[in-house]
Amino acid sequence: MNTLLATARFGTTVARLAQLPAPGVPEIAFVGRSNAGKSSAINALCQRRRLAFASRTPGRTQALNFFALGREDQPAAAFLVDTPGYGYAAAPLAVRGSWDHLAGRYLGERTVLRAVVLVLDCRRELTELDRHLLGFLGPATPVLILMAKSDKLGFAEREKTRRRIALTLDALKRSNPLTLIPFSANTGLGLLEAREWLVRHVTE
Ligand code: GDP
């Protein structure tokens, strides 16, 4: 088991682009619709119970949270960056606008962004908002798609879902390298594969 992810600890919160740390080390961003399972995925990947946590109030956590990786007695070797969950039906347009302004611009403009993890609730279709979000990414940014909560599906259903999501992604005709993994924070399904992908993308 690679231990790099287990070193994750809270680094800094960024509420405005001007507060971003000077770009120096690789960063991997986590994005996903609210309630998709993003916080649970980050915690499982880093073997922590409450590194990332979802705010119960829509729109409350409109900030980027940076988690540092690497030896604790040294400056961060890399960052995992948790972006605010998007797509609460109740979120006013102003909140959507501020997501685009902060997280959207971060995803589109950050030079040290190595890769993006998109967390999907496997029982839902890829939403308009997921597509909107992919639209911010440069054409070469690798994307790992975690089909979260896959423990809720049987094996056959999981494979069917994987094929359906793959077809939907194909239809978007994006050139980004895409990896699709059935994932469960509860059972550990896909955990090793996802960790291996993350470590490869921050260290290569
Ligand atoms: P976030 O809003 O995307 O950060 O989502 P959370 O990680 O807070 O998860 C939303 C809900 O889904 C919570 O009730 C979690 O307990 C549940 N959940 C998250 N991951 C899983 C999973 O792998 N399996 C199951 N069955 N439930 C999960």
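User: Why does tryptophan 99 count as buried?

Analyst: Buried means under 20% relative accessible area, exposed means over 50%, and partly exposed is in between, with a 1.4 Å probe and protein chains only; tryptophan 99 has 5% relative accessibility and therefore counts as buried. This is a predicted model, in which local features need pLDDT of at least 70, side-chain atom pairs count only at pLDDT 80 or more, and totals for chains, interfaces and linings use all residues.

User: What makes phenylalanine 136 buried, partly exposed or exposed?

Analyst: The relative accessibility of phenylalanine 136 is 23%, so this residue counts as partly exposed.

User: Into which class does asparagine 35 fall, buried or exposed, and why?

Analyst: With 61% relative accessibility, asparagine 35 counts as exposed. Asparagine 35 lies in the loop between E2 and H1, where helices (H or I, at least four residues) and strands (E, at least two) are DSSP runs numbered from the N terminus. Its phi is near 80 degrees, a positive value in a residue other than glycine.

User: How do you know whether lysine 173 is buried or exposed?

Analyst: The relative accessible area of lysine 173 is 73%, and the residue is therefore exposed. Lysine 173 belongs to the loop between H4 and E7 and, although not a glycine, has a positive phi of about 55 degrees.

User: How many aromatic pairs does the structure hold, and what makes the pair of phenylalanine 66 and tyrosine 106 stacked, tilted or edge-to-face?

Analyst: The structure holds four aromatic pairs. Rings of Phe, Tyr and Trp (its six-membered ring) pair if their centres lie within 6.5 Å, and planes under 30 degrees apart count as stacked, over 60 as edge-to-face and the rest as tilted. The ring centres of phenylalanine 66 and tyrosine 106 are 6.3 Å apart and the planes stand at 75 degrees, so this pair is edge-to-face. The pair links distant parts of the chain, 40 residues apart, with phenylalanine 66 in strand E3 (residues 64–69) and tyrosine 106 in helix H2 (residues 93–109). Phenylalanine 66 and tyrosine 106 are buried.

User: Why is the pair of tryptophan 99 and phenylalanine 136 placed in its class?

Analyst: The rings of tryptophan 99 and phenylalanine 136 have centres 6.0 Å apart and planes at 55 degrees, so the pair is tilted.

User: What makes E1 and E7 edge strands?

Analyst: Two strands pair if DSSP finds at least two bridges between them, and seven strands form an open sheet of mixed pairing in the order E1-E3-E4-E2-E5-E6-E7. Strand E1 (9–14) and E7 each have a single partner strand, so one side of each is left without a neighbour in the sheet.

User: How do you know that E1 and E3 pair?

Analyst: Five bridges join E1 to E3, which run antiparallel; among the partners in E3 are alanine 68 for arginine 9 and leucine 64 for valine 14. E3 also pairs with E4 in the antiparallel sense, over five bridges, and leucine 69 has alanine 78 as its bridge partner in E4.

User: Why is E3 described as largely enclosed?

Analyst: Of the six residues of E3, five are buried, so the strand is largely enclosed by the rest of the structure.

User: How do you know that the length of helix H5 agrees with its number of residues?

Analyst: The expected span of a helix is 1.5 Å times one less than its number of residues. For the 13 residues of H5 (residues 191–203) this gives 18 Å, and because the end C-alpha atoms are 18 Å apart, the two agree. The buried residues of H5 include Leu191, Trp197 and His201.

User: Which residues have the most contacts inside the largest nonpolar core?

Analyst: A nonpolar core is a set of buried Ala, Val, Leu, Ile, Met, Phe, Trp, Tyr and Cys residues joined through side-chain atoms within 4.5 Å. The largest has 33 residues, and those with the most contacts inside it are Leu64, Phe66, Tyr106, Leu107, Leu118 and Leu133. E2, E3, E4, H2, E5, H3, E6 and H4 each supply at least two residues of this core, and its largest share, five residues, comes from H2.

Key. Residues numbered from 1 in each chain as written. Heavy atoms only, no water.
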